[in-house]
Amino acid sequence: VTDPIQVGFSRQAMIGIRAEGDLIALGAALSDMSEVDYVVTTAGSFDLLCEVVCEDDAHLLEVISQRIRTLPGVGATETFVYLELNKQHYNWGTR
């Protein structure tokens, strides 16, 4: 797994999205964005969660305010900026 910081992307964040309408269409629109590397439909406070990888805070602001919040069906967002990545493993094995 490539470390985004090592290739010039210093800002990562998880964005919680409260949506109205078609979650499948909204999930697909988020998935089409190059900055988005993870999208899940959830139950609970948020309808969707997406992880973004950006060059810096200005890039993150542009992605949130001009691209994600303008998508049809987005009611509200909450952004969780990553301060430190404590653990990320993909070694759960095969079945």
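These notebook entries record what I looked up in a predicted model.

**Helix α1**

I began with helix α1, residues 23-31, and found Leu26, Gly27 and Leu30 buried. They cover an arc of only 100° around the axis, so they sit on the same side of α1. I then looked up what these buried residues pack against, and noted β1 (11-19), β2 (36-41), β3 (48-54), α2 (57-68) and β4 (74-81). At the N-terminal end of α1 I noted Asp22 as the cap, with a side-chain oxygen 3.0 Å from the backbone nitrogen of Ile24.

**Salt bridges**

I searched the whole structure for salt bridges and found two. In one, the side chains of Asp57 and Arg11 meet at 2.6 Å, N to O; because Asp57 lies in helix α2 and Arg11 in strand β1, this pair ties together parts that are 46 residues apart in sequence. I noted Asp57 as partly exposed, at 48% relative accessible area, whereas Arg11 counts as buried at 17%.

The side chains of Arg67 and Glu35 also form a salt bridge (2.6 Å, N to O), and this pair links Arg67 in helix α2 with Glu35 in the loop between α1 and β2, 32 residues apart. Here Arg67 counts as partly exposed at 26% relative accessibility, and Glu35 as buried at 11%.

**Glu51**

The side chain of Glu51 does make a polar contact with the side chain of Tyr82, at 2.7 Å. Leaving aside neighbours within four places in sequence, I listed the contacts of Glu51, among them Gln12, Met14, Glu35 and Tyr38.

How values were computed. Residues numbered from 1 in each chain as written. Predicted model: local features only at pLDDT ≥ 70, side-chain atom pairs only at ≥ 80, totals over all residues. Heavy atoms only, no water. Buried < 20%, exposed > 50% of the residue type's maximum accessible area, 1.4 Å probe, protein only. Helix = DSSP H or I, 4+ residues; strand = E, 2+ residues; numbered from the N terminus. Arc of directions from axis to C-beta. Contact = heavy atoms within 4.5 Å. Polar contact = N/O pair within 3.5 Å; in protein donor to acceptor, adjacent residues only side chain to side chain. Salt bridge = Lys/Arg side-chain N within 4 Å of Asp/Glu carboxyl O.
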